[in-house]
Amino acid sequence: MPDPQNFREELRAKVIDAIAQTMDLYGVNYSYGQLYGIMFFEDRPMTLEEMQQSMNMSKSNMSYAVRSLMESKMVTKLDEKEARKDLYAAETDFFKAFQAFFATKLQREIDVMRGALENVIPPLSETILELETSEEERKQCLEDLHKLKHAVSYYEWLQQFVDRLRSGDFFEEENSSPSKDKNAGNQPN
């Protein structure tokens with residue numbers, strides 16, 4: 001019979017790899033995803049040194065990985081310390097991890113694109129209105145302006161989506177639905 005602890009570790013390793021692959025799909029360094037996976041399975045907060053030993057990573061790379069995961073709110077730095085060393089814990093609720101990760105990434109996209117759109121639309125509009133602008137150039141500018149106005153609408157919608165994501169609107173129903181589904185099969189119709 002295989003050693004249950006080793007078997008459990010093998011199963012954990014598969015999930016950790018899947019977490020890392022999934023995060024890699026969304027632009028997070030694979031090793032950062034592995035770190036999150038390792039921390040996900042820890043039953044207690046970890047120090048940077050413990051993470052370093054688990055990952056066999058340099059201290060500077062480990063610090064950068066932790067900082068990146070903290071920016072995405074997938075890892076938090078705790079107020080308490082262990083032997084004067086900072087402690088970090090992973091968000092283990094996938095609903096909250098998803099919420100924090102995607103809200104952060106999408107907000108960055110919104111901020112970058114809105115900044116660009118706000119800088120480009122006014123001078124583009126002025127070019128359209130200038131008498132010296134050729135008809136061909138005016139036509140091209142109008143087409144660009146139409147595309148950019150559509151982009152503004154999209155980013156307004158995306159901002160509303162992110163605001164709802166941050167507020168947890170999507171998860172209030174979802175968090176309770178798995179238990180409803182379990183009981184649904186036992187209920188007579």
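Helices (H or I, at least four residues) and strands (E, at least two) are DSSP runs, numbered from the N terminus. The model is predicted, so local features need pLDDT of at least 70 and side-chain atom pairs count only at pLDDT 80 or more, while totals for chains, interfaces and linings use all residues. Residues are numbered from 1 along each chain as its sequence is written, and side-chain values use heavy atoms, with hydrogens and water left out.

A pocket here is an open set of points on a 1 Å grid over the protein atoms alone, where a 1.4 Å probe fits, with protein on both sides within 12 Å along at least five of seven lines; lining residues have an atom within 4 Å of a point. H1 gives the largest share of this lining, 5 residues.

Now select Glu9, Arg12, Ala13, Ile16, Asp17, Gln34, Ile38, Phe41, Glu42 and Ser54, which line the second largest pocket. About 180 Å³ of space lies there, a volume being the space filled by probe spheres set on points joined across faces, edges and corners. The lining divides into 4 nonpolar, 2 polar and 4 charged residues.

Next, show Ile19, Thr22, Met23, Tyr26, Tyr36, Met74, Phe94, Ala97, Phe98, Phe101 and Phe102, the lining of the largest pocket. The largest pocket holds about 240 Å³ of space.

How values were computed
Nonpolar A, V, L, I, M, F, W, Y, C, P; charged D, E, K, R; others polar.
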